Structure formats: C-alpha cells, structure tokens
Amino acid sequence: MIYKEIYNSVQLQEEFKNYDRDYYSPAAYDAMFDYLEQVGDYCLDVIGLCCSFTEYNEDELINDYGTDFRTWISDRLYIDEYIEENGLDIDKMSVEDFDDVYTILYEKYEDEWRENVLGDIGMDYNIIELDNGDYLVIE
C-alpha cells in the first residue's frame, strides 16, 4: 500500500481537487484537517469525506436541519399572546392577517429563534462553527 502524508489543510484541499471534489471553503478545509488530525492515522477517502462533511451557511443549516419559524413561534405561544394582546379575533382573521402577524413576530423574535434552533441542531449533530461564519456538519 502507498501512503502519502498530508501536513496541512492546503494539501488536503489539493487532494479534493485531484478528485474533482473541491466543494469547501478554506475555513472548512482547516476544520476538516484539524478534525482528521484528532482521529490519528487515517487513510484518506475523499469521496467518503464528501459524504460525511457538508458546509452550510446559517440559513442553509436552519432550512435543512432546523425548525421553521412558524412552527417555532407557534410552539412558544407567542402568536397566541400577540393575538390576545392586540385584541384580534382569531375567527375573523384571514390568511393575510396571519401572514402580517408572523411578519411582525419574525422581526421581534428572529434572533431568539435562530439562537434556539442552532442550539438544538448542535445537540443533535456534530457541527463545527467555521471562522468564516459557516458551519461544517459531520454525519
């Protein structure tokens, strides 16, 4: 068997390029290299790594793994509180009225929702937050 040592993330990226699989940012290659170094001796399998590592920006991560805002806001009863506090009659509200309420609540609770959803995802999956603000999910 022939072995080739890889000493840094740039060399790791070159191996991915050789397989026409250069899908990741430099920050993701850095995190992947650090992760694989912790594993110890590893026989490089670029295709296998592509199946195990996926890079997401925050919106993509939440869309693929998280709870959508309408479900999250409904689960926390914020929508019921808003309707009650504003004297709205739920039986007389149209779809457009509900859309308006969700828009108002999204503006108010978006940061809390994102923080909660990202925390929940992090409990269920092995995720590395990258230096560029993206996330590397390891499955």
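Begin by selecting Cys50, which counts as buried because its relative accessibility is 18%, where buried means under 20% relative accessible area, exposed means over 50% and partly exposed lies in between, with a 1.4 Å probe and protein chains only. Cys51 is exposed, with a relative accessible area of 63%, and the structure holds zero disulfides.

Before going on, note that this is a predicted model, in which local features need pLDDT of at least 70 and side-chain atom pairs count only at pLDDT 80 or more, while totals for chains, interfaces and linings use all residues. Residues are numbered from 1 along each chain as its sequence is written, and side-chain values use heavy atoms, with hydrogens and water left out.

Next, select Ser9, which is found in helix H1, residues 9-18; helices (H or I, at least four residues) and strands (E, at least two) are DSSP runs, numbered from the N terminus. Ser9 counts as buried, at 12% relative accessibility. Leaving aside residues up to four places away in sequence, Ser9 touches Tyr29, Asp30 and Phe33, a contact being heavy atoms within 4.5 Å.

Then move to helix H7, residues 95-124, whose 30 residues have end C-alpha atoms only 34 Å apart, short of the 44 Å that a straight helix would reach at 1.5 Å a residue; the expected span is 1.5 Å times one less than the number of residues. Centre the view on Tyr109, where H7 has a kink of about 65 degrees, the bend at a residue being the angle between axes fitted to the seven residues ending there and the seven starting there. Among the buried residues of H7 are Tyr102, Tyr109 and Trp113, and the buried residues of this helix pack against elements including helix H4 (58-65), helix H5 (69-75) and strand S2 (126-129).

Rings of Phe, Tyr and Trp (its six-membered ring) pair if their centres lie within 6.5 Å, and planes under 30 degrees apart count as stacked, over 60 as edge-to-face and the rest as tilted. By this rule the count comes to 13 aromatic pairs. Finally, select Tyr56 and Tyr65, whose ring centres are 5.6 Å apart with planes at 90 degrees, so the pair is edge-to-face.

Terms used:
A disulfide is a pair of cysteine sulfur atoms within 2.5 Å.
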